[in-house]
Amino acid sequence: MKKVILAALALAPVIVFAARAQAPATDTPVAKDIMLKMPKPVAGFEWAYPMQPPDFKPLPPDSVHTAEGADPSMKLTMRQINNGFGPPDWFPKEHAPMPDIVAHGQKPHVPACMLCHLPNGNGHPESASVSGLSEKYIIDQMHAFKNGDRENIRAPAMIEMAYAISEKDLREAAKYFAAIPRSQQKWIRVVETSRAPANHVGGGGARFFDKGAETVPVPPDMIYEVAENEQVELRNQHAGFVDYVPVGSLAKGRIVAMGNHGQMRTCASCHGEDYRGHDDAPRLAGRGAYYLIRQLADMKAGYRKGPALGKMKDVVSKLSDADILNVAAYMASRTP
Ligand code: HEC
Ligand code: HEC
């Protein structure tokens with residue numbers, strides 16, 4: 001059974017590579033080559049940059065599936081579910097009309113945004129939540145990927161897209177994700193605990209529960225961000241994630257957010273009272289801890305840089321590794 005779980009989630013990078021096989025030669029760098037130039041994950045946080053295990057075997061491409069809760073007449077093969085230029089939209093009535101770039105992408109370098117970020121923009125731990133970010137912020141980030149201002153081993157697919165996407169498509173995608181209502185941004189359940197259900201990294205780099213009742217310790221310096229269920233493999237946009245965070249991390253994270261005993265400005269002073277985003281500072285509330293940790297660690301290491309970061313640079317220079325973990329856990333636990 002574990003094998004099935006491991007096998008099923010043929011996530012994005014695989015698709016990108018497959019699509020490229022038929023691509024005409026262009027000046028756009030491709031993810032596979034970009035990857036070679038990326039810095040290694042920040043030491044101590046390797047688990048927050050999850051990668052699909054090398055021995056991963058995808059589910060048979062011809063196996064047929066229906067997402068839980070979706071119209072039962074909608075039956076798709078894994079090949080269709082993993083189609084980078086037409087991934088499934090199991091709940092078409094739950095969102096505003098989708099721009100073509102979000103639903104289908106633009107061959108050959110720009111897969112559909114919803115392949116990785118899902119129609120609700122909430123994404124998976126190895127990608128990012130983009131729902132409810134401002135239109136300008138989303139556009140700026142795509143430019144940052146292109147300008148070399150955001151580098152890590154999870155970034156190559158975004159960098160390839162950033163080179164190829166038109167400004168018009170980018171604006172339409174940004175508008176769509178920015179408009180996703182708060183009620184649909186809730187995606188992460190946070191559990192503060194000394195032990196979590198046993199789990200493993202599977203397809204696409206997502207974590208899945210092992211079968212059985214076993215538990216594992218949650219160490220003080222790690223978070224398990226695990227798919228709520230196997231529906232994630234089908235890109236079911238109702239299937240979110242749970243963060244198992246170390247005991248005490250939420251209270252400590254709150255202290256960091258309040259300025260770490262006067263060491264720095266509070267996070268709310270820029271990101272908004274409820275951390276739901278304000279002006280040029282994006283939403284932090286209810287976003288996955290893995291994504292937040294990658295960003296804070298990358299900023300501190302200098303892998304995420306650029307003029308827009310100006311104000312964050314001072315903040316991250318004062319955060320210890322423990323602060324980064326704790327404040328990410330705390331933000332994930334806030335209501336978006
Ligand atoms: C192949 C998978 C994939 C596809 C397709 C994809 N993304 Fe991403 N995206 C990612 C990953 C992975 C990250 C996180 C990078 C990191 O961890 O630093 C990301 C991050 C982002 C971010 C940064 C979010 C933030 O808070 O700063 C934005 C914005 C974004 N994507 C927009 C888009 C748009 C718009 C599209 C469609 C044109 C798109 N993405 C398609 C994988 C993808
Ligand atoms: C002085 C203003 C300021 C303060 C204080 C501040 N931030 Fe930020 N933060 C920003 C801005 C502006 C950005 C967007 C940077 C960009 O456009 O690249 C940002 C970006 C981020 C990001 C990246 C989000 C994403 O979508 O990729 C994270 C994570 C973050 N901040 C966390 C924090 C935390 C945690 C604190 C408190 C410990 C904090 N920030 C305090 C201004 C601030």
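**Exercise 1.** Is Ala164 buried, partly exposed or exposed?

*Solution.* The model is a predicted one.
Step 1: find the residue. Ala164 belongs to helix H8, which covers residues 156-164.
Step 2: take the count. There are 19 other C-beta atoms within 10 Å of Ala164.
Step 3: apply the cut-offs. A residue is buried at 20 or more such atoms and exposed at 12 or fewer, with partly exposed in between. Ala164 is therefore partly exposed, given its 19 other C-beta atoms within 10 Å.

**Exercise 2.** State which residues Ala164 is in contact with, leaving aside neighbours within four places in sequence. Then give its distance from Met114 in sequence and in space.

*Solution.* Step 1: with those neighbours left aside, the contacts of Ala164 are Thr28, His109 and Val110.
Step 2: from Ala164 to Met114 there are 50 residues in sequence, and the C-alpha to C-alpha distance is 17 Å.

**Exercise 3.** Describe strand S9 and its pairing with S3 and S8.

*Solution.* Step 1: S9 spans residues 241-245, and five of its five residues are buried.
Step 2: sort the residues by face. In a regular strand, side chains alternate between the two faces of the sheet. Phe241, Asp243 and Val245 lie on one side of S9, Val242 and Tyr244 on the other, and both faces are covered.
Step 3: take the parallel partner. S3 (residues 188-192) pairs with S9 in the parallel sense over five bridges. Arg189 is opposite Val242 of S9.
Step 4: take the antiparallel partner. S8 (residues 224-227) is joined to S9 by four bridges, and the two run antiparallel. Here Glu225 has Asp243 as its bridge partner.

**Exercise 4.** Work out how helices H12 and H13 are oriented to each other, and list the residues that meet.

*Solution.* Step 1: H12 (residues 289-301) and H13 (residues 310-317) pack at about 90°, and their axes are 9 Å apart.
Step 2: angles of 65 to 115 degrees count as roughly perpendicular, so H12 and H13 are roughly perpendicular to each other.
Step 3: from H12, Leu296, Met299 and Lys300 meet Met312, Lys313, Val316 and Ser317 of H13. By class, these contact residues are four nonpolar, one polar and two charged.

**Exercise 5.** Describe the shell around ligand 2.

*Solution.* Step 1: the shell holds 21 residues, and the closest are Cys267, Cys270, Ala281, Ala308 and Lys311.
Step 2: H10 (249-257), H11 (268-271), H12 and H13 each supply at least two residues of this shell.
Step 3: the shell divides into 14 nonpolar, three polar and four charged residues.

Methods. Residues are numbered from 1 along each chain as its sequence is written. Chains are lettered from A and ligands numbered from 1 in the order in which they are written. This is a predicted model: local features need pLDDT of at least 70, side-chain atom pairs count only at pLDDT 80 or more; totals for chains, interfaces and linings use all residues. Axes are lines fitted to C-alpha atoms, for helices over the stretch in contact, and angles run from 0 to 180 degrees between N-to-C directions. Angles under 35 degrees count as roughly parallel, over 145 as roughly antiparallel, 65 to 115 as roughly perpendicular and the rest as oblique. Two residues are in contact if their C-beta atoms, placed from the backbone, lie within 7 Å. Ala, Val, Leu, Ile, Met, Phe, Trp, Tyr, Cys and Pro count as nonpolar, Asp, Glu, Lys and Arg as charged, and the others, Gly among them, as polar. A residue is near a molecule or strand if its C-beta atom, placed from the backbone, lies within 6 Å of it. Two strands pair if DSSP finds at least two bridges between them.
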